[in-house]
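Okay, thanks for coming, everyone. Let me put the chain up on the screen, and then I'll walk you through the helices and the salt bridges.

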Amino acid sequence: MTEDRDSDLRTRFSRRRHCDHGAAPAWRPEVLERPVQNRTAPLRWSLFAGMAAACVTAAALVFTDSPPPAPRLGDLPPLLDFSPGELFADLGPSFIEFAAPSDFLLPEPTHPLLP
């Protein structure tokens, strides 16, 4: 059974080889004998472009502002170092006495009919 498959594949490959041989370009020895073209010009431009991109990236990294370093623990003020005195002495009005900032716009209670 494998012999039949192999022979079938051989005939298919031989047909394909024959079609490829007809479609292949003709042999031209002048192509091999002509001088080789210099391909260094595109390489020079790509090298120049790569170096320019690297210089721009390096300049961007150097001239951008970096964030300031985090303070060391020894530089921080002590947490519970405070002067003795009343705990909330520096607060303004008391939380118990509340006066709305727009109270002066309300009508006087002595004249209830005024708008």
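So, from the N terminus on, the elements of the protein chain run α-α-α. That's 3 helices and 0 strands, where helices (H or I, at least four residues) and strands (E, at least two) are DSSP runs numbered from the N terminus.

Quick housekeeping: this is a predicted model, where local features need pLDDT of at least 70 and side-chain atom pairs count only at pLDDT 80 or more, while totals for chains, interfaces and linings use all residues. Residues are numbered from 1 along each chain as its sequence is written, and side-chain values use heavy atoms, with hydrogens and water left out.

About pLDDT, the predictor's confidence in each residue, from 0 to 100: the protein chain averages 76, and 64% of the residues score at least 70.

Now, burial. Of the 115 residues, 0% count as buried, meaning under 20% relative accessible area, with exposed over 50% and partly exposed in between (1.4 Å probe, protein chains only).

On to salt bridges, meaning a side-chain nitrogen of Lys or Arg within 4 Å of a carboxyl oxygen of Asp or Glu. The structure holds 2. In one, Asp8 pairs with Arg12, closest N and O atoms 3.8 Å apart; both lie in helix H1 (residues 2-23), 4 residues apart, about one turn of the helix. Arg16 pairs with Asp20 at 3.9 Å, and these two also lie in helix H1, 4 residues apart. Arg16 is exposed at 52%, whereas Asp20 is partly exposed at 42%.
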